[in-house]
Amino acid sequence: MNLNKPLLPGQMIGIIGGGQLGRMMALSAREMGFRIGVLDPTVDCPAAQVADWHLLAEYDDVEALKELASRSQVLTYEFENVDVEALMQVQDLTEIPQGSDLLAITQDRLLEKSFLEENNIVIAPYATIVSPTDIQDAIDGIGYPCVLKTTRGGYDGKGQFVLYSTSDVSSAMHLLREGTCVLEAWIPYEKEISVLVSGNGQGQYTVFPVVENIHRNNILHETIAPARVNDDVVAEAQRIARVIAESVDLAGTLAVEMFLTNDGGIYVNELAPRPHNSGHYSIEACSMSQFDAHIRGICGWPLAEVELLSEAVMVNILGDEMYETMDVIAEKPEWHFHYYGKAEAKKGRKMGHITILTEDIYETLEEIYQTTIWD
């Protein structure tokens, strides 16, 4: 669904989800003069701290969604696990520029793979696994190593298991209890890269720089902007992102995660229909942040071409690192510290991030390492 006319400052944007992405969306929207309402089940969640009002309710609470919709001119969401059926029940009450189709596609790995194949985008070979007896037949075709993934609900490495040999199969069986799975070939990649693309639902798109992502324990650790890859890789990765955006008449920001192989091959791994952790660097390093682009996109505002103003490294702050990062604030005046306002610093939980603008990526990576915070 696209807006008939641009949303004006002073009007209300409703955000489903109150985490850090919702918080940074809200901060961008506030700069543009919009009002913000948030629906989230957590008291004093990060987005609620910067919103005009907060509905304390579960994401699939239809009555709460109806209230959010009736009080907002536009609805958006900060994560892809929003209940599609519940969202469709409120689509007549307000504008939902992102629609529900992209949401449904990205919630189901099989639908996502089918969508990518239909758009001639290269993905890893895969097979659908309904029962344990399907696994061996699939492995015979795909080979080891391979990855068994649930079709729904996985993130940060959850809902998946890597199989290196027959002895690993029994250990992966618990995933099938959650429903249909996907068995994917393991892509021997050189780098993990990602691209953000934003649209305004009116045929206008802007593509962000290609960035390089380094993960630890399946959680994003660092993003390097721009990615240390050649121009052909950049052009192809950005082309893929634009094809995907155009195929869904994108409104808002979408992240496309990819594997890059040693021979320059690009395999799309995953889509995220909203701003993404790997785009946080854009707040300081780009002419327009991913959050500004998202808000402009869902409000029907025009989108300028994004320029990278400075090379940058973004490093995540997890729960067990948060207080150590606070200890170096006084020593690092050139670092940009972002903390999300979460009540409890749990191990592995994203509590904030740091962006460092730089003229030497390798020197900055070493500077981060020398703090010993992320050993």
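Pro-226 lies in the loop between strand E12 (219-225) and helix H8 (231-247), in a model that is predicted.

Reader: What is the form of the peptide bond from Ala-225 to Pro-226, and what omega goes with it?

Author: The bond is cis, with omega near 0 degrees. Another cis peptide bond runs from Tyr-144 to Pro-145, where omega is near -10 degrees, and Pro-145 is placed in the loop between helix H6 (133-142) and strand E6 (146-150).

Reader: Why is Asn-217 called exposed?

Author: Its relative accessibility is 73%, and exposed means over 50%, so Asn-217 counts as exposed. Asn-217 belongs to the loop between strand E11 (211-216) and E12, and has a positive phi of about 50 degrees although it is not a glycine.

Reader: Why is Asn-218 called partly exposed?

Author: Asn-218 also lies in the loop between E11 and E12, and has a positive phi of about 65 degrees without being a glycine. Because buried means under 20% and exposed over 50%, with partly exposed in between, the relative accessible area of 48% makes Asn-218 partly exposed.

Definitions and conventions: Residues numbered from 1 in each chain as written. Predicted model: local features only at pLDDT ≥ 70, side-chain atom pairs only at ≥ 80, totals over all residues. Heavy atoms only, no water. Helix = DSSP H or I, 4+ residues; strand = E, 2+ residues; numbered from the N terminus. Buried < 20%, exposed > 50% of the residue type's maximum accessible area, 1.4 Å probe, protein only.
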